[in-house]
Amino acid sequence: MGIADHVKLVGAEICGTHKANQTIFTGPIRIDQRLLFHVKIVTSIGINYGQIANNLPTPENVIPLVKSIGATRVKLYDADPKVLKAFANTGVEFTVSLGNEYLAKMRDPDCAKAWIKSNVQAYLPATKITCITVGNEVLTFNDTSLSGCLLPAMESVHTALVNLGLDKQVSVTTAHSLGVLGNSYPPSAGAFRKDLVDCMTPILDFHVKTASPFLINAYPYFAYKGSPKQVSLDFVLFQPNQGIVDPASNLHYDNMLFAQIDAVYAALASLGYKKLLLHISETGWPSKGDEDEAGATPENAKKYNGNLIKLISSKKGTPMRPNCDLNIYVFALFNENLKPGPTSERNYGLFKPDGSPSYSLGISAVTAANTTVASPTPPTLPDTSSGNDPDSGSGSTGYLSISSATKLGIVENLESAFNVRHHNQNQPFKVRETIRDSFGVGER
């Protein structure tokens with residue numbers, strides 16, 4: 001089957017938060033400097049630092065790991081004070097986050113200002129906080145009450161930054177699932193879901209007004225996992241392959257991630273936002289999975305992330321935007337043992353909790369010792385009477401399994417992709433039942 005027959009692009013619901021009562025390594029981590037990436041070559045790697053685990057190293061011991069992969073930018077799913085303090089004067093740029101459970105509260109300008117004072121301003125300028133993400137993949141939760149709070153919360157946080165004189169150094173944005181796209185193949189025909197255009201447009205206007213980036217989480221892994229017999233593994237792993245040619249633009253694509261990115265660029269352009277800056281806020285590949293999670297192996301994770309890092313360091317753009325740097329955050333820094341869901345959810349890390357590599361990426365072997373128990377202090381949030389308990393287990397910032405609504409959207413994208421002529425046999429190719437079974441979505 002030709003790659004063009006199955007390059008429809010999909011995303012995934014993966015988000016995160018910080019949890020307390022962690023068992024963490026406090027002993028020294030030793031790294032053989034001869035085996036590290038050369039930071040001068042890899043200058044623009046971003047890494048997601050999630051902490052849904054009870055066995056991670058202390059933030060102080062995370063610093064050499066971040067530097068060992070040449071990462072200069074870190075994205076948190078909260079504003080963990082221990083991390084922000086530890087990374088002071090390191091030069092590493094930070095994105096801090098407000099979880100979905102805080103959106104309603106952040107509509108209050110006073111609440112937003114108090115949060116920024118405690119969780120951003122307090123660490124500047126020693127810690128280089130440059131961005132705040134407000135909510136994660138909100139629009140694909142299909143929760144109108146939540147999505148209705150998104151833009152007001154973003155505006156409130158930005159206004160607070162302006163009032164504090166921080167808006168020139170700290171931007172405000174939100175991360176979206178690739179599920180916000182209603183069409184993604186061919187890339188030049190990328191378009192947002194029609195039901196999201198009305199709420200997406202004012203968000204895009206906000207980005208233009210504030211010069212902040214548009215964030216997308218993109219996971220080619222889920223396309224392969226959904227139908228491994230049809231999706232080309234080489235195409236999703238950046239390996240040599242015949243690629244596809246966009247019939248409208250005549251641009252050639254040799255990997256799925258670039259096709260996904262350009263589909264987003266096309267969607268933005270279709271609404272009149274051709275110059276908006278795009279960042280890939282999450283992408284990665286798990287090194288371990290359940291029996292039904294095809295492709296989740298150390299070998300594939302090594303190929304995906306290793307080849308991705310090479311692409312980032314090459315400073316080459318996508319076919320549609322060849323002169324634009326790739327602004328990509330790899331997911332994730334660590335395997336996180338407390339994440340719910342299938343085995344793959346706990347195995348996206350470049351590193352194991354003891355600091356050793358999950359697989360070889362040119363990163364040295366490291367060791368950690370002297371385990372102890374510590375309870376990181378949660379970010380400060382002004383007290384309100386909303387009754388929303390972020391630790392109740394229902395908070396939207398926990399690393400969630402793919403929601404039913406998002407699963408259905410991914411399934412429909414895949415079904416549309418496969419509803420084309422078979423490359424070799426020139427006959428309709430149907431995988432509706434297979435795809436729906438793989439995502440656990442029944443007939444509507």
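Okay, quick definition to start: helices here are DSSP runs of H or I with at least four residues, strands are E runs of at least two, and both are numbered from the N terminus. With that in hand: just after helix α5, Gly 165 takes a positive phi of about 70 degrees.

Some housekeeping. This is a predicted model, so local features need pLDDT of at least 70 and side-chain atom pairs count only at pLDDT 80 or more, while totals for chains, interfaces and linings use all residues. Residues are numbered from 1 along each chain as its sequence is written, and side-chain values use heavy atoms, with hydrogens and water left out.

The big picture, then. We've got 12 helices and 16 strands in the chain. Of its 444 residues, 57% are buried, meaning under 20% relative accessible area with a 1.4 Å probe and protein chains only; exposed is over 50%, and partly exposed is in between. On contacts, meaning heavy atoms within 4.5 Å: take those with a separation of 6 or more, and 76% of them are between residues 24 or more positions apart.

Back to α5. It runs over residues 144-163, 20 residues in all, and spans 29 Å from first C-alpha to last, close to the 28 Å expected; that expectation is 1.5 Å times one less than the number of residues. There's a kink of about 25 degrees at Leu 150, shortly before Pro 152, where the bend is the angle between axes fitted to the seven residues ending there and the seven starting there.

What covers the buried residues of α5? The cover includes strands β5, β6 and β7, along with helices α3, α4 and α6. Among those buried residues are Leu 146, Leu 150, Met 154 and Leu 161. Val 157 is another one in this helix, and it counts as buried because its relative accessibility is 0%. Leaving aside neighbours within four places in sequence, Val 157 touches Leu 98, Met 106, Ala 112, Ile 116, Ile 132, Val 134 and Val 172. For Val 172, 15 residues along the chain, the C-alpha separation is 7.3 Å.

Next, Thr 283, in strand β13. Buried or exposed? Thr 283 is buried, because its relative accessible area is 0%. Its side chain makes a polar contact of 2.6 Å with that of Tyr 304. By polar contact I mean a pair of N or O atoms within 3.5 Å; within protein, one must be able to donate a hydrogen and the other to accept it, and residues adjacent in sequence count only if both atoms are side-chain atoms. Beyond four places in sequence, the contacts of Thr 283 also include Pro 220, Leu 257, Ile 328 and Phe 331.

Now the rings. The whole structure has 15 aromatic pairs: Phe, Tyr or Trp rings (six-membered ring for Trp) with centres within 6.5 Å, called stacked under 30 degrees between planes, edge-to-face over 60 and tilted for the rest. Phe 87 and Phe 94 sit 5.0 Å apart, centre to centre, with planes at 70 degrees, so that pair is edge-to-face. Tyr 224 and Trp 285 are at 6.3 Å and 40 degrees, so they're tilted.

Last slide: charges over rings, meaning NZ of Lys or CZ of Arg within 6 Å of the ring centre and within 35 degrees of the ring normal. Arg 73 sits over Tyr 329 at 4.8 Å from the centre, and Arg 321 over Tyr 265 at 4.2 Å.
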